[in-house]
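Dear colleague,

Please find the structure below, together with its sequence. My notes on selected features follow it.

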Amino acid sequence: MLQIPLWKRVVILGLVVFGLLFAMPNLFYPRVESHNDAVAEIERMGATPEREAAAAGWPSWLPATLVNLGLDLRGGAHLLAEVQVEDVYVDRMNGYWPEIRDALRSERDTVGTIRRVDAPAGELHIRISQADGMARALEVVRGLARPVVSLSGAGSSDIEVAGDGDTIIVQLTDAEKEATDNRTIQQSLEIIRRRVDEVGTREPTIQRQGTDRILIQVPGIGSAEELKALIGTTAKLTFQPVVRRITNGDEEPGARNVILPSMDEEGVFYVLEDTAVVTGEELNDSQPAFDQNGQPAVTFRFNPSGARKFGQYTAENVGSLFAIVLDNEVISAPQIREAIPSGSGQITGNFTVEESTQLSVLLRAGALPAEMTFLEERTIGPELGADSIAAGRIACIVAFVAVLVFMGLSYGWFGLLANVALLMNVGLIFGLLSMIGATLTLPGIAGIVLTIGMAVDANVLVFERIREELKTARGPSRAIELGYEKALSAILDANITTFITAVILFVMGSGPVRGFAVTLGLGIVTSVFTAIFVTRLLIVIWFERRRPKTIEV
């Protein structure tokens, strides 16, 4: 007969309450972007769902996650950046030079003296004094080649070595350049994502476009300039030996040296050795701090490899100047007073608290492997999003009221119970969106409106089947039970096929299409749940209380 076990009732009601609790923050406190005081507090702390809730006075013991609003609803910044992958070729050649130099030194009797000479970008030119030993030199250098780490370049070497008179020419092979480009873009994507996540921004869109471009969309950020300041800095940190300090930036630095300006001292330049002792890639951590004079500073800590090199160099060069270089500017050039075996230290300069915090974020997230050129930048205000939300709210209300009226007129009391389940269904959709941290976009609102219209399909199938069963005069209880049993297969078939479509849209689509697929898929799950379980439970509870001899559907 028409019965639902107690444990099943508890599970159904528990799931409904659990879902509605996660949806409640979206209903009972407004978005804090509309409150200046809350905005200031959140910007200071870094925006997270919990902090938004705290700023709005939401109880800490209740779920505090909000539905993330996409760029088209919340406003934010849009950037299209081009990665200068050629910069990495230069770094690769610079990295190869010490290895090649050491390998050729063991063949000095054959090749003579070894000297690096000027070369086009992306190439390494090495001149030997004994041209007769060129064949041996080429053999040694080619022995340093490594296999290309990529499927398309399998079996290829990473460097191409040729001789021209007394000069060895080394450059990356085409296969290695392609693999390097892919690694550079992937590394840039990951570092940008880490930098954006460090400041608590939720649900950014960071994806590759074409061969060397990256699309960056961050909802909720104030302007494109703020986003560029966060991710547009290369944050390439190096520690380089100081040759001398000068006041003329046009002076000849000498072979394998570079001249870099001081960040804090106007008109002061430093001649540095081109090869860095340690780089920011070997940092483990970086945090804002204050120095012994109470001025903002940045602390850093190297990984074991970096700490070993840092400690060895400081031990061998006590009394020398050691430059800390950030993006080709000397932040400071302190004197090494004693060995620093711990691999940790402090960067001081004329920082503000905000600058020291931002620098630590950049260093902690890692250095971008190559410079980025911004081809397109837009700041999208929240006004358009507010209009879209208002229009979407009106569309949802109109659709909702139309469905409620139709169900009430068509199926009477049973239609009203289905309407209660429909209200729960919409709440569960927002609860799931909040729970999984999905982003709601304008197409996502369209998916919710569509779900509202589709949500009653299952109830219509059940109620029509109950009408058919009532004609057999088996009694209302048996008619309700058979109505749900015989309509179940049709309900599952119809919704599974639609759910498969939503999955395909999510997997194959991107951006707005995925937003629509998410709300459609979640809506299908919740509508099936409410139709098969929630509506049936409501009907059973009503039937047990009233015990009607006849029913009208």
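Three strands form an open sheet in the order β13-β14-β17, with antiparallel pairing; strands (E, at least two residues) and helices (H or I, at least four) are DSSP runs, numbered from the N terminus, and two strands pair if DSSP finds at least two bridges between them. The edge strands, each pairing on one side only, are β13 (283-290) and β17 (344-348). From one strand to the next the twist averages 25°, where axes are lines fitted to C-alpha atoms, for helices over the stretch in contact, and angles run from 0 to 180 degrees between N-to-C directions. Between β13 and strand β14 (residues 296-302) the antiparallel pairing extends over 7 bridges. Within it, P288 stands opposite V298 in β14.

The model is predicted: local features need pLDDT of at least 70 and side-chain atom pairs count only at pLDDT 80 or more, while totals for chains, interfaces and linings use all residues. Residues are numbered from 1 along each chain as its sequence is written, and side-chain values use heavy atoms, with hydrogens and water left out.

The largest nonpolar core has 47 residues, of which I100, L104, I168, I192, I216, L227 and I231 touch the most other members. Such a core is a set of buried Ala, Val, Leu, Ile, Met, Phe, Trp, Tyr and Cys residues joined through side-chain atoms within 4.5 Å; buried means under 20% relative accessible area, exposed over 50%, and partly exposed in between (1.4 Å probe, protein chains only). Helix α5 (residues 86-105) gives the most to this core, with 8 residues. Apart from it lies another core, of 44 residues, among them A455, V456, Y484 and L520.

Beyond its neighbours within four places in sequence, I100 is in contact (heavy atoms within 4.5 Å) with L124, I126, V141, L144 and V170.

Two further residues may be of interest. T530 belongs to helix α16 (residues 512-546) and counts as buried because its relative accessibility is 4%. The T530 side chain reaches the backbone oxygen of S527 at 3.0 Å. Residues up to four places away in sequence aside, T530 touches A421, N425, L428 and T535.

I480 lies in helix α15 (residues 476-508) and, at 0% relative accessibility, is likewise classed as buried. I480 and I551 are 71 residues apart in sequence and 9.8 Å apart in space, C-alpha to C-alpha.

Yours sincerely

Terms used:
A polar contact is a pair of N or O atoms within 3.5 Å; within protein, one must be able to donate a hydrogen and the other to accept it, and residues adjacent in sequence count only if both atoms are side-chain atoms.
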